[in-house]
Amino acid sequence: MTRPHASTRDLLLAFAAVYLVWGSTYLAIRFGVETIPPFLLGGVRFFTAGLILTAVSRLRGAPAPKPSEWKAATISGTFMVAGGNGLVCWAEQYVPSGLAALLVATVPLWLVAIARLGPDREPTSRLEVLGLVLGLVGVVVLVRGSGSEIGIGGASSDRVMLGAFVILGASLSWAIGSMYNRRAALPSPPLYATALTMTAEAWSSYSSGWARESSAACRWPTSPPGRGGRCCT
């Protein structure tokens, strides 16, 4: 099957969407975790989006998902939603959104490593391996050199470093989920598969207690984000 040729306009729009939509996600998370527990924030976000996309897919004629598809969606979501996004939400309590977005950009590096060392054993050039190592070393140097001044809410440099490594772990989790999706028995079209993945793991994360235990202590904030602290105790 021949892929349609993308025009320059389409490419520019795609890049703009990546920069604006993808990049602003981490800024939105940064404001969200000031008043909402991180796992509750991620769970509600993905569960809502998953329900909407599932409804759209079903209206377009997608069949009801099979048990095997739900299983694949849950496994995929464990790595990509709970691990890939939930951990980022937790880390952004201490790590600025700009640095978080930079660290998440290591996902392609993890993909190269997994493709080389995973079951597919895809060939990797020495330059790719060198780029992977240098990229990870550069991230560590960047974070360590930033010091405690970049910490959120007066977080110490140790907290910032911990948050940074948690985001790196989240990036690895997302990459594992992406590689799993190559062989997973997910439904078609891809939009429907994405909807099931978000719905399955968002609900699983919430019901497991990550968010539910925190939400019991929540109350409506009495001051704007950034002024009165969290609304949960």
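Thr-54 touches Tyr-192, Ala-195, Leu-196 and Thr-199 when residues up to four places away in sequence are not counted, a contact being defined by heavy atoms within 4.5 Å. In this predicted model, local features need pLDDT of at least 70 and side-chain atom pairs count only at pLDDT 80 or more, whereas totals for chains, interfaces and linings use all residues. Residues are numbered from 1 along each chain as its sequence is written, and side-chain values use heavy atoms, with hydrogens and water left out. Thr-54 is placed in helix 2 and counts as buried because its relative accessibility is 18%, the class being set at under 20% relative accessible area, with exposed over 50% and partly exposed in between (1.4 Å probe, protein chains only). A polar atom of the Thr-54 side chain lies 2.7 Å from the backbone oxygen of Gly-50.

The chain contains nine helices and zero strands, where helices (H or I, at least four residues) and strands (E, at least two) are DSSP runs numbered from the N terminus. Of its 233 residues, 38% count as buried, and residues 24 or more positions apart account for 81% of the contacts with a separation of 6 or more. In the loop between helix 7 and helix 8 lies Pro-189, and the peptide bond that joins Ser-188 to Pro-189 is cis, with omega near 5 degrees. Most peptide bonds, by contrast, are trans.

The largest pocket holds about 620 Å³ of space. A pocket is here an open set of points on a 1 Å grid over the protein atoms alone, where a 1.4 Å probe fits, with protein on both sides within 12 Å along at least five of seven lines, and lining residues have an atom within 4 Å of a point; the volume is the space filled by probe spheres set on the points, which are joined across faces, edges and corners. The lining comprises 28 residues, of which Phe-46, Met-80, Trp-174, Thr-194 and Met-198 lie nearest the centre of the pocket. At least two lining residues come from each of helix 1 (8-32), helix 2 (38-59), helix 3 (67-91), helix 7 (157-180) and helix 8 (190-208), and helix 3 gives the most, with six.

Confidence is expressed as pLDDT, assigned by the predictor to each residue from 0 to 100; the chain averages 77, and 76% of the residues score at least 70. Over residues 219-228 pLDDT stays under 50, and the model has nine contacts beyond four places in sequence for this segment. Where pLDDT is low, the predicted coordinates should not be read in detail.

Methods. A polar contact is a pair of N or O atoms within 3.5 Å; within protein, one must be able to donate a hydrogen and the other to accept it, and residues adjacent in sequence count only if both atoms are side-chain atoms.
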